[in-house]
There are 2 protein chains.
Amino acid sequence: MPGAPVVKLRETAIAPVIDALKARWPERTSVAEAVRLHHANTLSWHRPQPPDAVFFAETTAEVQDVVKLCADHKVPLIAFGAGTSLEGHINAPHGGVCIDLSRMNAIVSVEAEDLTCTVQAGVTRKQLNDHLRDQGLFFPIDPGADASLGGMAATRASGTNAVRYGTMRENVVALTAVMPDGRVIRTARRARKSAAGYDLTRLLVGSEGTLGIITEVTLRLHGIPEVIAAAICPFSTIEDACNTAIMAMQTGLPLARVELLNELQIRACNIYSKLTLAETPTLFVEFHGSQNTVDEQVALFKAITADNNGGEFQWSTRPEERSKLWQARHDAAYSCLVLRPGAQVVATDVCVPISRLAECVTATKQDLADSGLFGPIVGHVGDGNFHVAVLFNRDDPDDVARMKAFTERLAMRAIAMDGTCTGEHGVGQGKMSYLDAEYGNALDFMRQIKRTFDPDNIMNPGKIFTL
Amino acid sequence: MPGAPVVKLRETAIAPVIDALKARWPERTSVAEAVRLHHANTLSWHRPQPPDAVFFAETTAEVQDVVKLCADHKVPLIAFGAGTSLEGHINAPHGGVCIDLSRMNAIVSVEAEDLTCTVQAGVTRKQLNDHLRDQGLFFPIDPGADASLGGMAATRASGTNAVRYGTMRENVVALTAVMPDGRVIRTARRARKSAAGYDLTRLLVGSEGTLGIITEVTLRLHGIPEVIAAAICPFSTIEDACNTAIMAMQTGLPLARVELLNELQIRACNIYSKLTLAETPTLFVEFHGSQNTVDEQVALFKAITADNNGGEFQWSTRPEERSKLWQARHDAAYSCLVLRPGAQVVATDVCVPISRLAECVTATKQDLADSGLFGPIVGHVGDGNFHVAVLFNRDDPDDVARMKAFTERLAMRAIAMDGTCTGEHGVGQGKMSYLDAEYGNALDFMRQIKRTFDPDNIMNPGKIFTL
């Protein structure tokens, strides 16, 4: 479902850019097909649309030079971090130069007293957390994949523990970015808050490389919790599981993670990970705090599950036991294929107000059944965010059509419930067609920002919206 | 220190607008001098610059009609909530129509399950909290004054408990705004998070009425904590007090408030509120949680104060005792004048990374002494944000000049420490001249957004930046 047809640049535009890149950085410019294809190959089902060339940047100044070069020739630029995005974000439907930022992987500074750090865009979240561990600090945002922090900022990533720690929106303090005209900006200073002027940080977070290329990110850090407890609890119905999460949130219980796996997802995990969980909607929960506060949280959560007809509640604070309890959740992404070997998976996501979550999940399950499709459902239930991993045969046009119609209905269902067509995966190419329904008039103001910052539309064109 | 000279609109522009307003809404349009002056009279020292007319709006549709009318005639529009801003935000240096939103005071909806509510822009925070109390919910942002929620969104307000609950940036879910061309937009839906497109919500939060007029706000709510404990602890030095806050934050202690009053502020409070506190830097702290977790927080915080040479630590969970302990903090804003009766007060604010706070406060105290000025200091120390209430004689040009030079040095000192010229009061007219130093290049991109949304510069002109 690419949002725009492949439009190759005229040779006259791209050729001098590639020549200039090769002349200055022969070792770090590639037009090899394998390299180009690799840079359009993501974890998603979107058809790869490779760039004309890939440049491996090592400094912000180099990115700036390449942006100026491309701006002079009106050649598209696509920023590439770890290639883990899911909606065709790094495709090059109009060709152009992919700027691979993975070599910009320096941790520039850690200010432990301020609970901040600054990293180059190519640093991955696992790399950062390995670096921080000795100082008792961590960066909480965990989208699953070992994404780059620049990419996570660009897509406004979140994941399992956003319910407690927020998303990239709340955890990016400031950004350095190369703008479409080649100027380098720093969006904010390092204070925890500011009331000085427009929030350019939040404007670039989630802009998916369409307004500028993020080269450095200053992040908010958190202390590693003294005690981490994990728990799981099965429920007879999705409603009971959702109501448990709602009550816990209302009580102010600071759940670090609260994940819902539906019965089909549990079945997939049982097969894939050789488990014997009851195949019923199940909550996977994590608590962070001191021993004392975690004990209290667990007791309170247990009482809430009991009030909502929860089944046998299991929990542990010991690392091995925690891992075992959570194994089904950890393996969820990989397990789906056991349900239909050889199938293609679309991991789509929507987010609704939590009061509508049970209704949305239930309607979605019914829709899958009615469509002759199937796919497990996993939800970051504290945020009202859930994923459907639709399994389909990409070589069967009917199956593809059914999948597309289903994902469209899912997005529109979420929007109709005052939710969003994507809680965390972003728009990319895959969700462009829903923004009109989601934003109405407001979309025009997004377009206006894009047009004024990037009048030649060189920054990741063909993403988020058509101009 | 108004940012722009008073430029009256040509009569030809404003006259037909006033005629049209009077014709349609005779009861709700005023050109009376008292009404106009009232709408330029804030809690600040900025010289009032009244609008040409005041319109009392009752619906978003009316605001839309007035914006269209003014846009047709290129007449400025200034949104007015409760008039509690501090940097000349509601002044009308170019004349125009003030839209008073105080009658738009309906609480549109409360979704307790989702911990959200939607209010019209004129609802004040106290009004909202009175409404929510029975449901066990509250809206935490507390800038001191009983500001309107639309105004708080427009200025990105925060206050004493931002350290735990965040600022308006983190607590606004979505906005309805009338844009400069008269279109009404809704910036987002009600999901807790979204990765769909540019973050227009965060762009409008803090835009101070220069990009559009906020008419409705959807807010994130929180459960009223079961137990609230208050504590105070004196220190010999600012450094010890700041280090206590830093250690508490690093430990992950979820302080709900942590306020620093310096010795001069304590002296003012002792006189004003008839207290006998030791006149030394003092931390005022509040803890929220269950009895169990609050007890634990208090014990841990007490140990941290002891490690940092803290003096006698007093605390209580009983409401009357809590109020008594915190009385000095509550009265701080009113107490300053006892130090110099008849003086004018400038309440200025800056925010720095917390690791630089002690240094910044100490240098600022020295600067006050060197300048022959004096003013108490109060800090939201968990955020690195502090206020100086400079006392001066507004009829003495030398005193005014000293005060201006001091506030400029303070802003530049904060910026030099990787901080911001305003943590929570906003730019308005008072801080326009510092944004170049704070943002450099990035400021141009803010201007570009302003120009493309509001090419005729009708929305609160003369604020944040000159175009």
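Two residues are in contact if their C-beta atoms, placed from the backbone, lie within 7 Å. The structure is a predicted model in which local features need pLDDT of at least 70 and side-chain atom pairs count only at pLDDT 80 or more, whereas totals for chains, interfaces and linings use all residues. Residues are numbered from 1 along each chain as its sequence is written, and chains are lettered from A and ligands numbered from 1 in the order in which they are written.

**View 1. The contact between chain A and chain B.** Chain A contributes 78 residues and chain B 79 residues. On chain A, the elements that each supply at least two residues include α9 (238-250), α11 (291-307) and α16 (442-453); helices (H or I, at least four residues) and strands (E, at least two) are DSSP runs, numbered from the N terminus. The largest share, seven residues, comes from α16(A). By class, this side of chain A has 29 nonpolar, 29 polar and 20 charged residues, where Ala, Val, Leu, Ile, Met, Phe, Trp, Tyr, Cys and Pro count as nonpolar, Asp, Glu, Lys and Arg as charged, and the others, Gly among them, as polar.

**View 2. The relation between the two copies.**

View 3. An automatic or database domain assignment supplies the bounds, giving domain 1 (107-223) and domain 2 (227-426) of chain A. Their C-alpha centres lie 27 Å apart. The contact between them takes 13 residues from domain 1 and twelve residues from domain 2.

**View 4. Surroundings of I99(B).** The largest nonpolar core has 299 residues, of which I99(A) and I99(B) touch the most other members. Such a core is a set of buried Ala, Val, Leu, Ile, Met, Phe, Trp, Tyr and Cys residues joined through C-beta atoms within 7 Å. A residue is buried if 20 or more other C-beta atoms lie within 10 Å of its own. Leaving aside residues up to four places away in sequence, the residues that I99(B) touches include F55(B), V63(B), F80(B) and I213(B).

**View 5. Helix α10 of chain B.** In this helix (residues 263-273), L264(B), Q265(B), I266(B), A268(B) and C269(B) are buried. These residues pack against β13 (257-261), β14 (282-289), α13 (327-335) and β17 (377-380) of chain B.

Note on methods: A residue is buried if 20 or more other C-beta atoms lie within 10 Å of its own, exposed if 12 or fewer, and partly exposed in between; C-beta atoms are placed from the backbone.
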